[in-house]
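Have the sequence and the 3D view open side by side.

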Amino acid sequence: MRRHRLRWWEALPWIAGIVFYFAFPDYLGFGCELLVTILFALSLDLALGYAGIITLGHAAFFGAGAYTVGMLASYNIWTEPITGLLLAALVAGAIGFLSGIVLLRTRGLTLLMLTLCIMALLEQAANMGAAYTGGFDGLPSLPIAPLFGVFDFSALYADTQYLFALAVLFVCFLFVRILVYSPFGQSLTGIRENVSRMHAIGSPVRRRLIVCYTISAALAGVAGGLLAQTTAYVNLAVLGLDRAATVLIVLILGGYGRLYGAFIGAVIYLALEHFLAQVYPTAWQLGLGLMLVVIALFARNGILGLAETLWRRYENRRGPS
Amino acid sequence: MASALQLRGVSAGYGETVVLEDIDLALACGECISVVGRNGVGKTTLLSTVMGHTTLHSGEVTLDGQSLNGMPCFRRALAGIGFVPQEREIFPSLSVRENLGIAARPGAWTHARVFELFPRLAERLDNMGNQLSGGEQQMLSIGRALLTNPTILLMDEPTEGLAPVIVEALTAVLARLAADSALSIILVEQNSRVALNFSPRTVILDKGRIVYDGESAPLRADPDRLAKLIGIVE
């Protein structure tokens, strides 16, 4: 069977997303955070999981998107949500493209450090430009225009925010899904698995990596912009190492290079964080840390990788009978 | 006949280490040659040098009269050099269809033509690269290189590690490729029987230098001379 064909179970996350809306109306704010994290992890998956670009600074693009939406809204320059996200993608994508031209000449630890540097530079720039960005305090109470001029982004009820975030995630996911199964996406897999072979079949490796990094940055920008719109707030935390590390953990937890790893990882990470913070408010990170140790030791390809292995074993056992 | 590929006074290796010394070799359009020699004499390095994977210390490599010196590997591939590596290097996470698809460029070699050459690949289209046997991987590696529509095909020990029955099948395929007048081929091969039967011209390498460049027929008729040239016997 061709891998890009839709399978029945691919509808499940979206059905779960709609069920969540009706089943947990009091948790739609949490739901928005979850959807934004999935989208952010998906953008990282494109760069790290498919193209093998090692980065610890993806929050740079998330923050660029968040500040684009935040500053445009805060100064009443642009408050329309859909085009606001397109502008966030444009700005983050431009930063991704320009930094990618320089960064993607390097590999390994050098690349890792340079991605960190870009993020730190942007964070510091946002801090120094406090007159425009709000500095440490950030930009609160962002006025976001009603969706289609009808549906308000209410501060009390997150109905519109949740459905909007779900729709944005769906569109972005479809785009990424089409991309990774296209010849371009397959060439990214080839680059990750054997870069010298890709050179030898005439693939312009660096150009493709830059394009991938730019698209990934733009998607991270959309995630950041979405966070600013759904919370009506943006501050320096969107550009911090914490956020970059968290999204990396989410992806590793779910399984990178698998599209749905972002979904699984984000759901488990945020649900566990939520649950552990209630049970152990002072030491909830200990539980997360322990789980990561277990994942690193016993499921190096994440939860989806483990599930795939177990399924294969089950099928092999069932096969001969 | 005009030279498609030419190496003039080429010394090359890895970093400071020189493996090939003063190599002069010309390959005419549509010509096929076999390169034989013991392990470690520089056969793979010769192909790697044409692909631009080594450090060129002196000399010049030209393709259709145009210098390839300093040209990155992917541009050499786009210029018309196809490479079938010794390790096959199939992308394990991509299916057979995808392995072929990412290499394909417009030209005389189409998917249909590759499947005509390797019907087995058409049956395994949706299998992943890591689900193929050694022989199937070799077919895929050759098919993938052909779909780049090269004018020159470099093949590094395609029969290595394959079962005799697969080697026989592959030898028949090599003969069909050799009959294609649009394709020049350099076949590096440890199996001297396969190499000498493949092309009318053979090059023997020893210690990084060419010690024989001539017809294959006299070597086929005189195994002792072949053994001496290769350096198996004194």
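Chain B holds an open sheet of six strands, ordered β6-β7-β8-β3-β9-β10 with mixed pairing. Strands pair if DSSP finds at least two bridges between them. Helices (H or I, at least four residues) and strands (E, at least two) are DSSP runs, numbered from the N terminus. The edges belong to β6 (81-84) and β10 (209-215) of chain B; each has a single partner strand, so one side of each lacks a neighbour in the sheet. On average, neighbouring strands are turned by 15 degrees against each other, direction ignored.

This is a predicted model: local features need pLDDT of at least 70, side-chain atom pairs count only at pLDDT 80 or more, and totals for chains, interfaces and linings use all residues. Residues are numbered from 1 along each chain as its sequence is written, while chains are lettered from A and ligands numbered from 1 in the order in which they are written.

Now look inside the sheet. Strand β3 (residues 32-36) of chain B pairs with β8 (residues 184-188) of chain B in the parallel sense, over four bridges. Ile33(B) has Ile186(B) in β8(B) as its bridge partner.

A helix comes next. Helix α6 (residues 134-146) of chain B lies across β6 and β7 (152-156) of chain B. Helix α6 runs at about 170 degrees to β6(B). Axes are lines fitted to C-alpha atoms, for helices over the stretch in contact, and angles run from 0 to 180 degrees between N-to-C directions.

Finally, turn to the two chains. Their contact takes 18 residues from chain A and 20 residues from chain B. Residues are in contact if their C-beta atoms, placed from the backbone, lie within 7 Å. On the chain A side, α8 (183-193) and α9 (195-200) are the elements that give two or more residues. The largest share, six residues, comes from α8(A).

Notes. Contact = placed C-beta atoms within 7 Å.
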